[in-house]
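Here are a few exercises to work through with the model open beside you. Try each task before you read its solution.

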Amino acid sequence: VCTLPFSSYTYVEALANASQRNLYESLGRALSYFGGVPANVLSDNMKQFVEKASRYEPCFNEMAEQWSVYYNTTLSAARVRKPKDKPSVEKEVHISYLRIFAPLRNETFCSLSELNYRIHECLAAHNATPMQRYGLSRKERFEQNEKPLLKPLPLSGFIVRQEVKAKVQRNYHVILGEDMHQYSVPYIHVGETVKIVYDYTEVEIFLNMRRIALHLRSPRRNGYSTKEEHMPE
């Protein structure tokens with residue numbers, strides 16, 4: 001759940017799990033939903049975001065720092081066990097349970113995308129509902145007062161790229177352990193230790209800061225992705 005503090009304009013999404021990849025990519029979708037980037041992003045002390053909690057200067061992990069640089073925003077975190085430090089989002093979490101979770105709790109969904117489609121339907125109704133105190137909806141207050149203050153979005157969303165090290169096997173392939181899939185490199189590098197940098201779609205393999213192989217990522221477990229130019233003559 002993400003919300004803007006003045007208008008309470010809110011974004012809600014269900015995630016398969018709380019991994020860093022899912023978290024940061026969903027945060028990017030939240031900013032796309034808002035149509036801009038706020039000057040500051042306030043979070044709680046989730047371990048996927050905050051490396052070391054502090055009352056005054058929390059330490060954020062490397063992925064969070066990369067995300068903030070990419071979107072040109074600053075990061076701050078609430079104090080541990082101090083929900084009043086972020087009352088806007090705490091309130092919207094409560095309201096989201098009443099207006100989004102409750103209406104959907106008896107429905108059956110066959111996929112995460114199907115669930116999020118229904119969540120966004122309920123979310124649109126929630127943001128369009130007039131607020132008794134102001135006589136305007138969250139969306140109207142956002143468009144009139146907050147949207148002009150947001151900074152522009154980058155041209156594309158933030159892509160989480162992960163890194164692992166691997167040794168080139170005798171069959172001139174390296175194993176990406178997350179998928180148990182093997183990718184080829186030029187055979188002259190057999191026995192050397194390389195760095196694998198990957199995201200949802202691509203797998204890059206580096207040796208001493210030089211890229212020696214590029215593959216499309218394959219989800220096929222115990223499979224092989226082999227390029228002819230990497231094979232011994």
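## Getting to know the model

**Exercise 1. Is Cys-122 buried or exposed, and how many disulfides does the structure hold?**

Keep in mind that you're looking at a predicted model.

Step 1. Start with accessibility: Cys-122 has a relative accessible area of 12%. Buried means under 20%, so Cys-122 counts as buried.

Step 2. Now look for a bonding partner. A disulfide needs two cysteine sulfur atoms within 2.5 Å. The closest cysteine sulfur to that of Cys-122 belongs to Cys-110 and is 17 Å away, so the gap is too far for a bond.

Step 3. The count for the structure is 0 disulfides. Cys-2 is in none either, as its nearest cysteine sulfur, that of Cys-122, is 18 Å away. Cys-2 is partly exposed, at 21% relative accessible area.

**Exercise 2. Find helices α1 and α2 and work out how they are arranged: roughly parallel or roughly antiparallel?**

Step 1. Locate them: α1 covers residues 20-34 and α2 covers residues 62-71.

Step 2. Check the axes. They come within 11 Å and cross at roughly 20 degrees.

Step 3. Angles under 35 degrees count as roughly parallel, so that's the label for α1 and α2. Their crossing is right-handed.

Step 4. Pick out the residues that make the contact. From α1 they are Gln-20, Tyr-24, Leu-27, Gly-28 and Leu-31. From α2 they are Met-63, Ala-64, Trp-67 and Tyr-71.

Step 5. Sort the contact residues by type: 7 are nonpolar, 2 are polar and none is charged.

**Exercise 3. Which residues does Glu-92 touch, leaving aside those up to four places away in sequence?**

Step 1. Find Glu-92 in helix α3, which spans residues 87-104.

Step 2. List its contacts, skipping residues up to four places away in sequence: Val-1, Thr-3, Ser-8, Thr-10, His-126 and Arg-138.

**Exercise 4. Where is Asn-17, and how many Å separate Asn-17 from Tyr-187, C-alpha to C-alpha?**

Step 1. Look in the loop between β2 (10-11) and α1, and you'll find Asn-17 there.

Step 2. Asn-17 has a relative accessible area of 43%, so it is partly exposed.

Step 3. Now go from Asn-17 to Tyr-187. The two are 170 residues apart in sequence, and their C-alpha atoms are 38 Å apart in space.

How values were computed. Residues are numbered from 1 along each chain as its sequence is written. This is a predicted model: local features need pLDDT of at least 70, side-chain atom pairs count only at pLDDT 80 or more; totals for chains, interfaces and linings use all residues. Side-chain values use heavy atoms; hydrogens and water are left out. Buried means under 20% relative accessible area, exposed over 50%, partly exposed in between (1.4 Å probe, protein chains only). Axes are lines fitted to C-alpha atoms, for helices over the stretch in contact, and angles run from 0 to 180 degrees between N-to-C directions. Helices (H or I, at least four residues) and strands (E, at least two) are DSSP runs, numbered from the N terminus. Angles under 35 degrees count as roughly parallel, over 145 as roughly antiparallel, 65 to 115 as roughly perpendicular and the rest as oblique. A crossing is left-handed if the near helix is turned anticlockwise from the far one by less than a right angle, and right-handed if clockwise. Contact means heavy atoms within 4.5 Å. Ala, Val, Leu, Ile, Met, Phe, Trp, Tyr, Cys and Pro count as nonpolar, Asp, Glu, Lys and Arg as charged, and the others, Gly among them, as polar.
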